[in-house]
Amino acid sequence: MKFPRRRSGRSGITSLVVALALAGGAAVVLEPSGRSLEGRAQVTDGDTIRIGEARIRLKGIDAPEMEQRCSKAGRSYACGETARRALIDLVSGENVRCRAAGRDRYQRILARCTVDGDDIGTQMVASGWAVSYGRDYDAEEARAQDRGVGLWEGEFERPQDWRRDKASRG
């Protein structure tokens, strides 16, 4: 015996699916503060990594953009790519541990990350391939500048200023 199908504007199952989708979407937007992430990292650029599906922006540092160019000894070089390679050298083949501290405007997780207990932000700024973003790594930036390492070997525009200038040029 066939039972006739009920036709209604919204079935209970559809309502449940919609409610779960909305709740799931809210979970993505909600703050993951304090959450720990751990694993092998894929490097996106000099201050962004991926662990699994999680996109992580290293909190407190700013590295040159991938398209950004700097100069050393009067010659232009791809400092964004060089910063990316420096981060690859730090995390390649290593277990990376991150502690989430919020999200940025692009919905990437902001986090402090370590390799073998050493803070990656500290290492990137101390080696001169990133600058302090905020005040978190000011001492490391000053030491890198004094030693003339990384970006400080030549001339560069701070990544934040480079992005702003690029946006104003269209």
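Asp-47 and Arg-57 form a salt bridge in this predicted model, with their closest N and O atoms 3.7 Å apart. The pair joins distant parts of the chain, 10 residues apart: Asp-47 sits in the loop between β2 (42-45) and β3 (48-51), and Arg-57 belongs to strand β4 (residues 54-58). Asp-47 has a relative accessible area of 4% and is buried. Arg-57 is buried as well, at 8% relative accessibility.

The whole structure contains 14 salt bridges. Glu-38 and Arg-97 form one of them through their side chains, at 3.2 Å from N to O. This pair also links distant parts of the chain, with Glu-38 in strand β1 (residues 36-39) and Arg-97 in strand β8 (residues 96-103), 59 residues apart. Glu-38 is partly exposed at 48% relative accessibility, while Arg-97 is exposed at 51%; the cut-off that puts them in separate classes is 50% relative accessible area.

A further salt bridge lies within a helix. The side chains of Glu-81 and Arg-84 meet at 3.5 Å, N to O. Both residues are in helix α2 (residues 79-91), 3 residues apart, or about one turn of the helix. An α-helix has 3.6 residues a turn, so residues three or four places apart point the same way. Arg-84 is partly exposed, with a relative accessible area of 23%. Elsewhere, salt bridges with shared partners connect Asp-47, Arg-57, Asp-62, Glu-65 and Arg-163 into one network.

| Salt bridge | N to O distance |
|---|---|
| Asp-47 and Arg-57 | 3.7 Å |
| Glu-38 and Arg-97 | 3.2 Å |
| Glu-81 and Arg-84 | 3.5 Å |

The nonpolar interior comes next. In soluble globular proteins, nonpolar side chains tend to be buried together. The largest nonpolar core here has 31 residues, and those with the most contacts inside it are Ile-49, Ile-56, Val-96, Cys-98, Cys-113 and Ile-120. At least two residues of this core come from each of β3, β4, α2, β8, β9 (109-115) and α3. Helix α2 supplies the largest share, 5 residues. Leaving aside residues up to four places away in sequence, Ile-120 touches Leu-58, Leu-87, Leu-90, Val-91, Val-96, Cys-113, Thr-114 and Val-115.

Helix α4 (residues 138-147) has Glu-140, Glu-141 and Ala-144 buried. Viewed down the axis of α4, these buried residues fall within an arc of 100°, so they line one face of the helix. The elements covering them include α3 (120-126) and β11 (131-132). Glu-141, in helix α4, is buried with a relative accessible area of 9%. Beyond four places in sequence, Glu-141 touches Val-125, Val-131, Ser-132, Trp-152 and Arg-158. Just after α4, Gly-148 has a positive phi of about 65°.

The average pLDDT of the protein chain is 86, and 80% of the residues score at least 70. Over residues 3-11, pLDDT stays under 50, and the model has 2 contacts beyond four places in sequence for them. Residues 13-31 also stay under 50, with 10 such contacts. Where pLDDT is low, the predicted coordinates should not be read in detail.

How values were computed: Residues are numbered from 1 along each chain as its sequence is written. Side-chain values use heavy atoms; hydrogens and water are left out. pLDDT is the predictor's confidence in each residue, from 0 to 100. Contact means heavy atoms within 4.5 Å. Buried means under 20% relative accessible area, exposed over 50%, partly exposed in between (1.4 Å probe, protein chains only). Helices (H or I, at least four residues) and strands (E, at least two) are DSSP runs, numbered from the N terminus. The arc is that of the directions from the helix axis to the C-beta atoms. A salt bridge is a side-chain nitrogen of Lys or Arg within 4 Å of a carboxyl oxygen of Asp or Glu. A nonpolar core is a set of buried Ala, Val, Leu, Ile, Met, Phe, Trp, Tyr and Cys residues joined through side-chain atoms within 4.5 Å.
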